[in-house]
Structure formats: structure tokens, C-alpha cells
Amino acid sequence: MRTEIATLGEFGLIRHLTEGIELKNESSRYGIGDDAAVLSYSTDKEVLVTTDLLMEGVHFDLTYVPLKHLGYKSAVVNFSDIYAMNGTPRQITVSLGISKRFSVEDMEALYAGIRLACEEYGVDIVGGDTTSSLTGLTISITCMGDVEKGKAVYRNGAKETDLVCVSGDLGAAYMGLQLLEREKVALKDSQEDIQPDFAGKEYLLERQLKPEARRDIVEKLRQAGIQPTAMMDISDGLSSELLHICTQSKVGCRIYEEHIPLDYQTAVMAEELNMNVTTCALNGGEDYELLFTVPIADHEKVSEMEGVKLIGHITKPELGCALITRDGQEFELKAQGWNPLRGTDNGQA
Ligand SMILES: [Mg+2]
């Protein structure tokens, strides 16, 4: 079934896609339906705003990404940025550029993903725009959130002797992308109608197609009374994000290869592709885990925390940023690729 978007028109489409949306947050005073949404944040909060623009063919490939997953992910990556400031996401606006290739049903699928993400994270859709596009699909999401006054965590607060921590595990989303790219090529080359076999690699696909934002970690830190000194989410790879924190905080760091958290499936897939798994964890993007630093006084509390790993410490700026390998060698961290251990050139994110 395919309904042309023209049959509904722009306003009809927005009305159709946003039908039944109920506002959940106190700060969402008025949502869709007027010239602007009305938000009212209490004075003991600071307001966070982040935005993300995704272009078909640049940021996503619809040959293997289902529209519902794309919608979910587009919303969640914005939530992740708000959590990375130690905040809580409250509202989003969704703007779409849609080419004639897409039907009303396609946009329903995309919106179903966005709405599911909003439901799971307690976020309100308060506005947006749609327009026709000549070059495929464009998705722009802006997210607003709040954080208690004085509690926002920036990238520039890491201090010498702080501990470097990371949530979850790294490199799996990048391995998921490799897997999908590999299947895409295989399917294109093959004459028969074969189904890709992803058995045993479900986790990698999930990490690539349906990432989650680490609300749970931000809550746990709050409950434990830990205020990170610096924090960001890992969207471009651990190396590059660590360098952001160290540059902005004017410090150096040492992280240890043996402490970088990896999933078993990530290691197996890296081996299959003849890639160095540490390189994948350092440079593969889209993990949406949290990278943060805490004062050394919080060592005990943070080391007891489930889902958090201590991977190193902050140093004087003169010492630079380096990885200590399992055999004790020191390598300077680079934003793009970590050459000495790269198995193939494919290791680049
Ligand atoms: Mg970020």
C-alpha cells in the first residue's frame, strides 16, 4: 500500500503523523498546533538545546536501515547529547525534507520510531516542519532539556589525577556497520535472492540500528552523589572524544588498552574482518556511551558502579594523551585512526 504524500498535503501530513500526541512534561506548556510551541522551565533549572541534521546518503543508507529504526536513532542521539551534559531531555522538534520517493506509509514508519523513542525517554514532540526535497530524505531534530542550575557537566572541567571512565562497551556499533555494509555488497553481487545470515551478531546490529542513550548512567551517578568533572557522549570514537575533553580541559591523559570495555561479538567480528579490535573501540563511532572524568576521591564509588569502567586517568598537559598497550608500550592518541596497530585501512571511522 502506498499513499502519495500529496494526497494529504503538508499540513495534513503533520496532523496525521502527530495525531494523539500527549504532552508529559511540565515544561511543555503548548505543543503542536499554533505558530510556536510554549515552554516554561522553572527558574532553578538551566535549559539545554542541541540539534542534529541527518542527510540520506551521508549519515544513513536506507538500503539497510529500516525507517522506523532511523526515526528511533535520530531522536535518541539527541537525547544522548542532553544526558552528556548531565541533563534530562524534555522536548523535540522534528523537521523533515521528503522527496517524492517516500510515501505517507514511509513517514508513518519513521515517525513511529521517533514517537517510540520519545515514549521510552519521556520526551514531548512539540513542533516541526516538513517540506519537499529534491535529493532524498533529510531529518533535523532539535532537542531541549533541563539540568539543575550549576549541575551541567562540560567538556572543560577535567583536572589532573581525575579518573577517566566509560560506560557500556565500545566498537560494537562500528562492527555492526561493517556487517551491514558487507551484506549490502554481497547481496548486490549475488544473482540469487539470498537472506543475510546475522546469527550470533545480533548485538552488533542492535548497537548500530537501535542505539540507546545512557540515561541510566546519569541517574546512577546522581544517586551515588558523583558529579563528573567533564563528560561527553561517544559519537565519533573514544580517541576523538578524549582529545576533546583533554584539549578543552588543558590536560593530558593515560588510558589502558586492557581496560577498554569490549563485547565478545565485537572481538569476534574484528577478527573476522582482520581488524584490530582496540582500533575499532578507539575510532569506531556511534556507540553513544558516556565518557566522563571524576575526582579520584570518588574512586571507590565509581569502581563499584555496574556498567562503568575505569580506563585511565588525567595527567599534566605536558604528558600528552596516550594509550598504554597490553605490553606496556605507549602510543599517542590521534583523532583519526591509531596507526601502529591498525590491521587494515578499514579501521578508520
Ligand atoms: Mg555529543
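Trainee: Into which domains is the protein divided?
Mentor: This is a predicted model, in which local features need pLDDT of at least 70 and side-chain atom pairs count only at pLDDT 80 or more, while totals for chains, interfaces and linings use all residues. Residues are numbered from 1 along each chain as its sequence is written, and side-chain values use heavy atoms, with hydrogens and water left out. The bounds come from an automatic or database domain assignment, and they divide the protein into domain 1 (5–148) and domain 2 (163–332).

Trainee: What area is buried between domain 1 and domain 2?
Mentor: The centres of the two domains, taken over C-alpha atoms, are separated by 27 Å, and 20 residues of domain 1 are in contact (heavy atoms within 4.5 Å) with 20 residues of domain 2. Buried area is the accessible area, found with a 1.4 Å probe, that two parts lose on being put together, summed over both. Carbon and sulfur atoms give 54% of the area buried between domain 1 and domain 2, which comes to about 1,900 Å².

Trainee: Which residue forms a salt bridge with Lys73?
Mentor: A salt bridge is a side-chain nitrogen of Lys or Arg within 4 Å of a carboxyl oxygen of Asp or Glu, and the count between domain 1 and domain 2 is two. In the salt bridge of Lys73, the closest N and O atoms are 3.1 Å apart, and the partner is Glu286.

Trainee: Why does the pair of Glu286 and Lys73 tie together parts that are apart in sequence, and how many residues apart are they?
Mentor: Helices (H or I, at least four residues) and strands (E, at least two) are DSSP runs, numbered from the N terminus. Glu286 forms its salt bridge with Lys73. Because Glu286 lies in the loop between helix 9 (277–283) and strand 10 (290–294), whereas Lys73 lies in helix 2, the pair ties together parts whose separation in sequence is 213 residues.

Trainee: Which residue in strand 11 stands opposite Val166?
Mentor: Two strands pair if DSSP finds at least two bridges between them, and strand 7 (residues 163–167) pairs with strand 11 (residues 308–315) in the antiparallel sense over five bridges. Strand 9 (residues 252–256) also runs antiparallel to strand 11, joined by four bridges, and there Cys253 stands opposite Ile314. Opposite Val166, the residue in strand 11 is Lys309.
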